[in-house]
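Subject: Structure handover

Hello,

Here is the structure I promised to pass on. Please open it first, then read my notes below.

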Amino acid sequence: MKKVAVFISGGGSNLQSLIDYEGKYEISLVISDKEEAYGLVRAQLYDIPSLYIGKKNTYDHEERTQKIIQALKNHEIQVVVLAGYLSIMPKEITDLYPRNMINIHPSLIPSFCGMGYYGEKVHQGVYDSGVKITGATVHFVDAGVDTGPIICQEAVYLEEGDTPDLIGKKVLTLEHRMLPRALEQVCCSRVSVKDGRTIIFQG
Ligand code: GRF
């Protein structure tokens, strides 16, 4: 089974969904850029090797990049998942995982994504815009921000009285269902890309 590294910055509920799904992949490493991320605790509870690599223990950006690369090599990582990871992944690292690095974003890309759209800001933007549908997207990571080929999307209708917080909760439910399945498809080589569009082969 492919060895997977999961990058987090927060609570790690998406990491938990990957653990619970027990898919055809092996979560071999969890890396956080936030020392206090509860996702690190989740990893430790399941004896998954975990690392904090951030400004508090590695102030220099290039040194952080090299530490991440070394950790990925040491754990023989073949696929990378960004699950609420708030730092921009350097091109030196994304280049190591062409079509083997995926991200989950809590909107229907290309809406409400890119620089400045993360976490609650996404759902605030959705709320302020008055759209009737939002959702989540899993996509391959390239050198841009939320710009790689889309692997899957799921939508949810908004209802009268939905607050940004409630919208976030609705979308997170979609994320927890989508991410493990998308990761398994990538790890089983069922996702190809042609002209910037993905083609998924049912196994
Ligand atoms: C999720 O909403 C994800 O879409 C976004 O950050 C959040 C991470 O939540 N990128 P968690 O840490 O997995 O609970």
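A disulfide is a pair of cysteine sulfur atoms within 2.5 Å. This structure holds zero of them. Cys152 is in no disulfide, and the nearest cysteine sulfur, that of Cys187, is 13 Å away. Cys187 is itself too far from a partner for a bond, because the closest cysteine sulfur, in Cys188, is 6.7 Å from its own.

A word on the basis. The model is predicted, so local features need pLDDT of at least 70 and side-chain atom pairs count only at pLDDT 80 or more, while totals for chains, interfaces and linings use all residues. Residues are numbered from 1 along each chain as its sequence is written, and side-chain values use heavy atoms, with hydrogens and water left out.

Now the pockets. A pocket is an open set of points on a 1 Å grid over the protein atoms alone, where a 1.4 Å probe fits, with protein on both sides within 12 Å along at least five of seven lines; lining residues have an atom within 4 Å of a point. Volume is the space filled by probe spheres set on the points, which are joined across faces, edges and corners.

The largest pocket holds about 920 Å³ of space. Its lining has 42 residues, and Gly84, Tyr85, Leu86, Tyr118 and Gly119 lie nearest the centre. Helix 1 (13-21), strand 5 (101-105), helix 5 (120-129) and helix 6 (164-187) each give two or more residues to this lining. Helix 6 gives the most, with five. Helices (H or I, at least four residues) and strands (E, at least two) are DSSP runs, numbered from the N terminus.

The second largest pocket has a volume of about 240 Å³. It is lined by 13 residues, with Asp33, Lys55, Arg64, Tyr85 and Ser87 closest to its centre.

Which residues touch the most other members of the largest nonpolar core? They are Val6, Ile27, Val30, Val81, Ile102, Val138 and Leu183, out of 39 residues. Such a core is a set of buried Ala, Val, Leu, Ile, Met, Phe, Trp, Tyr and Cys residues joined through side-chain atoms within 4.5 Å. Buried means under 20% relative accessible area, with a 1.4 Å probe and protein chains only. Helix 6 gives the most to this core, with nine residues. Apart from this core lies another, of 18 residues, among them Ala5, Ile31, Ile69 and Ile77.

Best wishes

Notes
Buried means under 20% relative accessible area, exposed over 50%, partly exposed in between (1.4 Å probe, protein chains only).
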